[in-house]
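Me: Please take a close look at one single part of this model. Where does it sit, and what does it touch?

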Amino acid sequence: MTPTPTPQDEIAALRMALETIAGRLHGIASRTDAAQIAAEVLRLNDAVRAGAQGLLRPGNHPQDFAALLLAASDPANGGPPA
């Protein structure tokens, strides 16, 4: 059985991936530490997953998440652009 990775393991793995592919994907070196980016990406992913808990199912289409956000949005933000 594979052990469950710790948050530190996940950050380290994502940091390695970012360092390995960032130059290839973007052609630039990031000025921000890859471990900091990795931690923030994982934090945001956890927040989105927690916010959608019980509202989306694995079989939903990716567009369903956008529809959920729109349904939960503040009506004051729904007006036409000024």
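Reply: A38 is found in helix α2. Here a helix is a DSSP run of H or I with at least four residues, numbered from the N terminus. The model is a predicted one, where local features need pLDDT of at least 70 and side-chain atom pairs count only at pLDDT 80 or more, while totals for chains, interfaces and linings use all residues. Residues are numbered from 1 along each chain as its sequence is written, and side-chain values use heavy atoms, with hydrogens and water left out.

Is A38 buried or exposed? Its relative accessibility is 0%, so A38 counts as buried. (Buried means under 20% relative accessible area, exposed over 50%, and partly exposed in between, with a 1.4 Å probe and protein chains only.)

Which residues does A38 touch? Leave out residues up to four places away in sequence, and A38 touches I11, L14, R15 and L18. (Touching, or contact, means heavy atoms within 4.5 Å.) Take I11 from that list. A38 and I11 are 27 residues apart along the chain, yet their C-alpha atoms are separated by 5.5 Å.

Now try A13. This residue lies in helix α1. A13 and A38 are 25 residues apart in sequence, and their C-alpha atoms are 8.5 Å apart in space. A13 has 49% relative accessibility, so it counts as partly exposed. A38, at 0%, counts as buried.

Step back to the two helices. α1 covers residues 7–26 and α2 covers residues 34–52. Their axes come within 8 Å and cross at roughly 120 degrees. (Axes are lines fitted to C-alpha atoms, for helices over the stretch in contact; angles run from 0 to 180 degrees between N-to-C directions.) The two helices are therefore oblique to each other. (Under 35 degrees is roughly parallel, over 145 roughly antiparallel, 65 to 115 roughly perpendicular, and the rest oblique.)

Which residues meet between α1 and α2? From α1 come E10, I11, L14, R15, L18 and E19. From α2 come A34, A35, I37, A38, A39, V41 and L42. By class, this contact has 10 nonpolar, no polar and 3 charged residues. (Ala, Val, Leu, Ile, Met, Phe, Trp, Tyr, Cys and Pro count as nonpolar, Asp, Glu, Lys and Arg as charged, and the others, Gly among them, as polar.) A38 belongs to the α2 side of this contact.
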